[in-house]
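Notes follow in the order I looked things up.

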Amino acid sequence: MGKLWLICIASISILLPFLCNAFSPETPTDRRVLVLLDDFAIMSSHSLYFNALKSRGFDLEFKLADDPKIALQRYGQYLYDALILFCPSVERFGGSIDVAAIVNFVDSGHDLIVAADVNASDLIREVGTECGVDFDEDPSAMVIDHIGYAVSGTEGDHTLIASDDFIKSDVILGGKKIEAPILFRGIGHAVSPANSLVLKVLSASPSAYSANPKSKLSTPPPLTGSAISLVSIVQARNNARLLITGSLSMFSNRFFRSGVQKARSQTKHEKSGNEQFLTEISKWIFHERGHLKAVNVKHHRVGETDEPALYRINDELEYAVEIYEWSGTSWEPYVANDVQLQFYMMSPYVLKTLSSDKKGLYSTSFKVPDVYGVFQFKVEHQKLGYTSLSLSKQIPVRPYRHNEYERFIPAAYPYYGAAFSMMAGFFIFSFAHLYSK
Amino acid sequence: MPTNLNFEMARSLVGFTVLLLFLSICESASFFQPISDSHRSAAVELFSPDHGSLKSLEETYEALRTFDVLGIEKKPDVTATACRLVSETVGSSSSTLKNVFYALKANSIVKCKINDKAYQGIITRLNAAVDGARSLPDFYYSVGGLVLVKGSKGDVHLADADGIFRSVKAFRQSDGRWRSSSSNPESSAFAAGIALETLAGVVSLASPELDQSLISTLNNDISKLFDSIEKYDDGALYFDDKLVDGHDHQGPLATTSSVVRGLTAFAAVTDERLNIPSNKILGLANFFLGIGVPGDAKDLFNQIDSLACLESNRVSIPLILSLPSTVLSVTKEDLLQVNVNTVLGSNAPPLTVKLVGVFTSGSKAASLVESQELVFDDGTGMYNLKNLPKSIDVGSYTFVFEIVLHELEHEKIYITGGQKKVPIFVSGLIKIENAEIAVLDSDLGSIETQKKLDLAGQNAVSLSANHLQKLRVSFKLTTPHGLAFKPHQALLKLRHESKVEHIFVVGNSGKQFEIVLNFLGLVEKFFYLSGRYDIELAVGDAVMENSLLLAIGHIELDLPEPPEKATRPPPQPVDPYSRYGPKAEITHIFRAPEKRPPKELSLAFLGLTFLPLLGFLIGLLLLGVNLKNFPSNAVPATFATLLHVSIGAVLSLYVLFWLKLDLFQTLKLLGFLGVILVLVGHRVLSHLASTSAKLKSA
């Protein structure tokens, strides 16, 4: 019995480092999240958001951002799958965490949520810059909107914004439409136009601007209108997902529960859209939506089942691939009508949309071009909000062999006929020549 | 170690400033709202059995107490669960002291049926526990338990109250904090609260009255404890223990809550008046209200329970002045309404609310209005200011209120906190007049084109200018009282076709707002981009009800060609929707097959190729070809037949070669047939030659 225990413990300690990795199709359910806070009061004031995460099976570990014992990795293994930074005012992280450690964490495929706020520290701004967004440099600037503000009896300075300019993507925001506007109070940021990985999920309205509400505006504000991003996401090339926002209070219970009425609108919503919006987007961030995997790539000649080593020009072939999407608990068939296959050699010779059977199987058939060489089957699926799929498989294509050409060509019949009539004539002539008297 | 201690302290200080920051964000207005319905709905949500928060007796008690204070109808299942837990705990002799204590506490709210026998058992147990108690929690649970039993049964007394009082008091430290046990050197305010509550219990249980001098020394300790109180900028006061070991660190809310409970319990049993400044009680109330609605069951209980203690305490009861709305509209003639309640939202005693003064935010000027009383409205229970004073225009102001209690005795019971400053926004419709847009000639300033703008409606101005001209936009803003109005946001935006934007702040001189864009100085800023620029004007302010964002129209700019080294316009963001999406399909275009004649034509020519053969045959017939020369003898005849058979075979081999055989098979067979053909042919030909030679010679 004692031995059994020993083996158990030993095997667990060997396995342990492998249990905490980035999201991977092999172990999608291991999700440990480190939450760094400025103050433990946030645990209580933002509990609805944390509870929503916990109820989805995430293992949240709360730490103060300046706790000297925090670390993201130990012995080269990451201890967490995701990091939530709810510490807008931290000047220096405790323990071994710094900006470089966070960047490495993301570079190894882990997810990150960053919430800044008014008077955000340089450290958090630097994290934002590393993620590809630039917060307004004025430390006391806030997003102000004199037209799109949320009506409130006690908030008169129009820094509490009701925004409903969402990105149009079901995979990021869920299939259910977000009816109520989002309450936002905080700082705005701009996304770099050169960075194609950052997406504005929630933009400010055209009338918004970013300035200090308490001082007179003498120079044009650096950020205005829809260029202000309130909430942005990043999907890195390694499929790490990041959320950056300039408002910590938008995650708070108070904003979750608060009713919202947008100025100049008669509709009064019982509850703001914050809970739905942030919960849905956290599903995306934590790969519960939009994470694809492709399996069972198959190709063969029409009428056959085995994969050939090479094709001949003009062969009819069939190509099939199964694509699944992670739903948080299981792999569900991915349903789309824009998965495309390329038959590629230097440039695509054939580009065809695969037809789906709605159960995850995508297939098509086409004729191999009459050009020989080394081709590739390529599926490059890039869609807003989904992880990019990139499959390629090399396959050579050969020309006809000499005996594979057409044998009896009708146009040549006169030649055949002439030869054979000549032969017949010769046969008869041989009699006539030899035996005629 | 001292450095570590300093570090820890610095850290927790940072934490508190953050908490403060956070509070100030959540409650941007610096006044506190009493407990409202949002607390009730939060309580129902947090303390629901399916939330998993009613597992232990302590949690059950917290739920019951919170529901009780907030006046929420107790759900029968909660009561039933509680009673089951209570009777289990009280009936069993193995339950811990802590559980017995919380069972009795829960019982004091739900009033379950507990028989006398069980009570007797409990009393004996608790008395034994009091005698054997060595640490503060032991005293707390046992004495507290006895107090609760006394509450429901009556006849419970402590025989040696003086002794117990002294042994509890042994945990006292000189700074007013207490230790939780004699072995623990750390003193804390949290323990002080527990100790006070315990001592209050001892006082109430003492059968002969306690020595008054003991109580008076305690009074002194409480004052010392309040010296260590900490303060937020907005006037909220709280207690906190800064412990090096964060293991049993309770956090400011639990600590303050514990002190408030102990203080109010002690104040309730002593005849003396505790000399605590009543402002501190108000500060504590502000602390609990400033938290808002906690998201944690324990925090909510601490908040609600402490406020309930403050609501009916004997030191001084805080009154909270709050405004349902701090944004008033001049155009809608909103009433200024003020609410005065106790912390839990119940009605205050008769009082008058005075508006002492109104000050413009950020200026030190004298009050804009005279002191006046607000009128109490029976229907809403609020104090109203009928009309906003004439001197108040749109803008942001600080209103100063004062609460005056009607009866003098009440001033001893209630604390109002003196003058109360409330930031108030007065909004209104701003009149926009004389809006114009004009293109000017640079040198003379003469107007080339000028258009009136209607900033309330639609505009579609179309202008054109070159780099030697200027663009002027001007308008006038006046408040409802006819004064000049300076909005926070007065921006003019020019947007080129390529989405490059340029923003200018519109300056003002008095009421008149004007901006002149001299294109000559701006060509570089405009990246020498000629073409159509859309003009947008944004005028907005927090107190301007008709803030606007208006597309005025467009201007066609003709700018000079860029020089070589001109800066390029910055890249514009790409539309994310167009970046993705399916590509156009590509199908391979196959090489066209070679052109061939129609099959019929080939067949016709095939027929033609047989015509010469036919002509040959006819020719043979006409020539009278015969086979008379065929050898008559058997041997040569056989050879002749063999010759022709092998010729036929070779020809058939050619046909086969055409149909299916390959060259190697054909050559093999041909070699074999060729040998036969040569041998047989030689015999036949030599025979024929000899025959013809014979004929010639004959």
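Entry 1: Before calling anything buried I wrote down the cut-off: buried means under 20% relative accessible area, exposed means over 50%, and partly exposed is what falls in between. I also noted that this is a predicted model.

I began with A:S44. Is A:S44 buried or exposed? A:S44 has 9% relative accessibility, so I put it down as buried. The residue sits in helix 2 of chain A, which runs over residues 41–45. Then I asked which residues A:S44 touches, leaving out those up to four places away in sequence. From chain A I found A:N253, and from chain B I found B:P294, B:G295, B:D296 and B:D299.

UniProt, in an unreviewed entry, lists "domain: OST48 N-terminal" at residues 32–285 of chain A. I computed 21% helix and 28% strand for that span, and its end C-alpha atoms are 13 Å apart. The UniProt feature "domain: OST48 middle", again from an unreviewed entry, is placed at residues 299–437 of chain A. For residues 299–437 of chain A I got 17% helix and 43% strand, with 73 Å between the end C-alpha atoms.

**Entry 2: A:D111.** A:D111 is in strand 6 of chain A, residues 111–115. Its relative accessibility is 1%, so A:D111 counts as buried. What joins the side chains of A:D111 and A:R31? I found a polar contact of 2.9 Å between them. Beyond its sequence neighbours, A:D111 touches a list of residues that includes A:D81, A:F105, A:N239, A:R241, A:F286 and A:H287. I also took one distance along the chain: A:M142 is 31 residues from A:D111, and their C-alpha atoms are 27 Å apart.

Entry 3: A:N239 lies in the loop between strand 15 (229–235) and strand 16 (241–245) of chain A. At 17% relative accessibility, A:N239 is buried because the cut-off is under 20%. Apart from neighbours within four places in sequence, A:N239 is in contact with A:D111, A:H287, A:H291, A:T387 and A:S388. A:G109 is 130 residues away in sequence from A:N239, yet the two are 6.3 Å apart C-alpha to C-alpha.

Most residues other than glycine have a negative phi. A:N239 is not a glycine, but its phi is positive, about 70°.

Entry 4: B:N434 is not a glycine either, and has a positive phi of about 50°. I placed B:N434 in strand 15 of chain B, residues 431–441. With a relative accessible area of 45%, B:N434 is partly exposed.

**Entry 5: chain B as a whole.** I counted 19 helices and 24 strands in chain B. Why do I call chain B more spread out than a compact globule? Its radius of gyration is 53 Å, well over the 26 Å that the globule rule gives for 698 residues, so it is more spread out. The C-alpha atoms fill a box of roughly 180 × 95 × 55 Å along the principal axes. Of the 698 residues of chain B, 47% count as buried. Chain B exposes about 34700 Å², with carbon and sulfur atoms supplying 57% of it.

The domain assignment of chain B gives domain 1 (28–318), domain 2 (320–427), domain 3 (431–570) and domain 4 (632–688). I got 66 Å between the centres of domain 1 and domain 3 of chain B.

Entry 6: UniProt's unreviewed entry annotates "transmembrane region" at residues 601–625, 637–657 and 669–686 of chain B. I checked two of these spans. Residues 601–625 of chain B are 92% helix and 0% strand, with end C-alpha atoms 35 Å apart. Residues 669–686 of chain B are 100% helix and 0% strand, with 25 Å between the end C-alpha atoms.

Methods:
Residues numbered from 1 in each chain as written. Chains lettered and ligands numbered in written order. Predicted model: local features only at pLDDT ≥ 70, side-chain atom pairs only at ≥ 80, totals over all residues. Heavy atoms only, no water. Domains from an automatic or database assignment. Helix = DSSP H or I, 4+ residues; strand = E, 2+ residues; numbered from the N terminus. Buried < 20%, exposed > 50% of the residue type's maximum accessible area, 1.4 Å probe, protein only. Contact = heavy atoms within 4.5 Å. Polar contact = N/O pair within 3.5 Å; in protein donor to acceptor, adjacent residues only side chain to side chain. Rg over C-alpha atoms; globule rule 2.2 N^0.38 Å. Areas by Shrake-Rupley, 256 points an atom, 1.4 Å probe, with all protein chains shown as cover. UniProt positions renumbered as here; feature names shortened; annotations may be inferred.
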